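Q: I would like to learn how to read a few local features from a structure. Please take them one at a time.

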Amino acid sequence: MVGAFQGAGVVVTGAGGGIGAALARRFAAEGARVVVNDLDADRAKRVAEEIGGTAVPGDASAVVADARDALDGTVDVYCANAGVAFGGGNADGPLDETAWAASWDVNVMAHVRAAHALLPDWLERGSGRFVSTVSAAGLLTMIGAAPYAVTKHGALAFAEWLALTYRHRGVKVHAICPQGVRTDMLAATGSAGDLVLRPTAIEPDAVADALMRGVEEDRFLILPHPEVAGYYQARAGEPDRWLSGMNRIQQQWEATR
């Protein structure tokens, strides 16, 4: 797909490392003009210098205006990749309101705010592409991390809503739903991640490759781990059996703690 995004204005949030940095590199290789956004200004600057892009550090919820200025007024592709992952959230444990609020704000509302800022221009010109980094947790769930699992379901739901509402008006939407990816976020998942995610973890570049294949095939749902499709079908077709299987994994995890 070399050159498929030649000259396109692309914004990638949370692009100081991990999946975001891989997406930024891949879009740059495709000929795009890339804005690299991250809360960590130094990391954003390093990736931007590496790919010949522009660093626009700061909160992903408020980056669209500055990113548009950096791209001479036009954002063609927006990758809502920034995310946070908090463990815990057990109903019988302490209620961490801060973790829930931050998860909702970053994993869901940042996407909503970005779309709100982007859609008027996209609808006027009849084109635009919104890429949401969700997670297989948004299709399935994740043990030991209620705020993450619940808000990733929300991110997927919002991406679905965008797709069904605006596809006839030229807006393309893609939801990337990987399982484990070898990033700092995976390293922070602890024993739950070691049990469920690490055995099949892939490199961030593989996620970027999967996105490009999905774009080429015009697919909404992008699964860097193809086996997730079977899990998703089992969840929908036999929910009680699927929940029983997940509960066995939960018990296995509890036995190791």
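A: Helices here are DSSP runs of H or I with at least four residues, numbered from the N terminus. By that rule N107 lies in helix α4, which covers residues 97–125. Note that this is a predicted model.

Q: Is N107 buried or exposed?
A: A residue counts as buried when its relative accessible area is under 20%. N107 has 0% relative accessibility, so N107 is buried.

Q: Which residues does N107 touch, leaving aside those up to four places away in sequence?
A: Contact means heavy atoms within 4.5 Å. With those sequence neighbours left out, N107 touches A82, G83 and V84, then A102, and also Y148, T151, K152 and A155.

Q: Which side chain makes a polar contact with the side chain of N107?
A: The partner is T151: the two side chains are joined by a polar contact of 3.1 Å. T151 is also on the list of residues that N107 touches.

Q: How should I read the packing of two helices, and at what angle do α1 and α2 pack?
A: Take the angle and the distance between axes together. Helix α1 (residues 18–29) packs against helix α2 (residues 41–51) at about 20°, and their axes are 10 Å apart. Angles under 35 degrees count as roughly parallel, so α1 is roughly parallel to α2. The crossing of this pair is right-handed.

Q: Which residues of α1 and α2 meet?
A: From α1 the residues are A21, A24, R25 and A28; from α2 they are V47, E50 and I51. Sorted by class, this contact of α1 with α2 has five nonpolar residues, two charged and no polar ones.

Q: Where does R33 lie, in terms of strands?
A: R33 is in strand β2, residues 33–36.

Q: Which backbone oxygen does the side chain of R33 reach at 3.0 Å?
A: That of G7. A polar atom of the R33 side chain also lies 3.2 Å from the backbone oxygen of L71. Both G7 and L71 are among the residues that R33 touches, a list that also holds A8, G9, V10, D72 and T74 and does not count residues up to four places away in sequence.

Q: What should I look for in backbone torsions, and what is the phi of D72?
A: D72 is a residue other than glycine, yet its phi is positive, near 60°. D72 sits in the loop between α3 (64–70) and β4 (77–80). With a relative accessible area of 71%, D72 is exposed.

Q: Where is D218, and what is its phi?
A: D218 is in the loop between α8 (204–216) and β7 (221–222). Its phi is positive, about 55°, although D218 is not a glycine. D218 is partly exposed, with a relative accessible area of 46%. From C-alpha to C-alpha, D218 and T165 are 16 Å apart in space, and they are 53 residues apart in sequence.

Key. Residues numbered from 1 in each chain as written. Predicted model: local features only at pLDDT ≥ 70, side-chain atom pairs only at ≥ 80, totals over all residues. Heavy atoms only, no water. Buried < 20%, exposed > 50% of the residue type's maximum accessible area, 1.4 Å probe, protein only. Polar contact = N/O pair within 3.5 Å; in protein donor to acceptor, adjacent residues only side chain to side chain. Axes fitted to C-alpha atoms, helices over the stretch in contact; angles between N-to-C directions. Parallel < 35°, antiparallel > 145°, perpendicular 65-115°, else oblique. Left-handed = near helix turned anticlockwise from the far one by under 90°. Nonpolar A, V, L, I, M, F, W, Y, C, P; charged D, E, K, R; others polar.
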